[in-house]
Amino acid sequence: MESNRADGRKPNQLRSLACTRGILNRAHGSASWSQGGTKVLAAVYGPKGGTKKNENPEKPCFEVIWKPKTGQSGKAEKEYEMMLERTVRSICVLNVNPNTTTSIIVQVVDDDGALLPCAINATCAALVDAGIPLKNLAVAVCCCLTENGNVLLDPSRVEEQETKAFVSLVFPNSNQSINPKESKAEGEKTEHGIITSTTHGAMLVEDYFRCLDQGRSASAKLSDFLRRNLQQQVTNDS
């Protein structure tokens, strides 16, 4: 296994993390999240009365608008919107605020790899800031598979472009460290499950599970960072 990468990290090492909530005055909730050179802003507006067409009025509706750093939204941005909306629906409590719509605006500030996980982390923090009822917090991470079969955690943009495939994974925020050796595709406890998984490129099943193990192990570190960040800002607000 390669011991170091271009930026000096080990294969299973995350980039530096930063998160700030309440950065936009006119939004009901907002947050910025950065991982290394990737930074995303997320803003939450609502819930507001009424749902979109063809939505169930007995449940809350969520819409996600993805804004790239430059240019117009394309196919990739629409896919990101879909994945984010599915993730939000999975973590939000759906038996409150019926017949309402909550809008989530995601603005890409800088993209240096692992963009979708960074956006999901920013969105989760913004939902907390907006006071949206959540079943649980979520943390997201990206793993990529190199040409020689190594798994790299939290890849940079260059690493993503040079690898065979990469997968974005979303896990429930866990209060305990997660042992990757305990991971199973079936019969997992809820806190050890996967909320969202999306793969780009082709990889063998065993390679996917290696990425899953690496991501699950890193999710404990992300969970700890997110909880400490939220607790610190609650203390400061008090």
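Of the contacts (heavy atoms within 4.5 Å) in the protein between residues at least 6 apart in sequence, 71% join residues at least 24 apart. The model is predicted: local features need pLDDT of at least 70, side-chain atom pairs count only at pLDDT 80 or more, and totals for chains, interfaces and linings use all residues. Residues are numbered from 1 along each chain as its sequence is written, and side-chain values use heavy atoms, with hydrogens and water left out.

The protein has 4 helices and 9 strands, where helices (H or I, at least four residues) and strands (E, at least two) are DSSP runs numbered from the N terminus. Their order along the sequence is β-β-β-β-α-β-α-β-β-α-β-β-α. Of the 238 residues, 48% are buried, meaning under 20% relative accessible area with a 1.4 Å probe, protein chains only.

Serine 168 sits in strand 8, residues 165–172. Serine 168 counts as buried because its relative accessibility is 6%. Leaving aside residues up to four places away in sequence, serine 168 touches Leu116, Pro117, Val141, Cys142, Thr196, Ser197 and Thr198.

The lining of the largest pocket consists of 17 residues, and Tyr80, Asp111, Leu115, Arg157 and Glu160 lie nearest the pocket's centre. The elements giving two or more residues to this lining are strand 8 and the helices tabulated here.

| Element | Residues |
|---|---|
| helix 1 | 75–91 |
| helix 2 | 115–130 |
| helix 3 | 157–162 |

Helix 2 supplies the largest share of the lining, 3 residues.

How values were computed
Buried means under 20% relative accessible area, exposed over 50%, partly exposed in between (1.4 Å probe, protein chains only). On a 1 Å grid over the protein atoms alone, a cavity is a set of points where a 1.4 Å probe fits but cannot get out, and a pocket is an open set with protein on both sides within 12 Å along at least five of seven lines; lining residues have an atom within 4 Å of a point.
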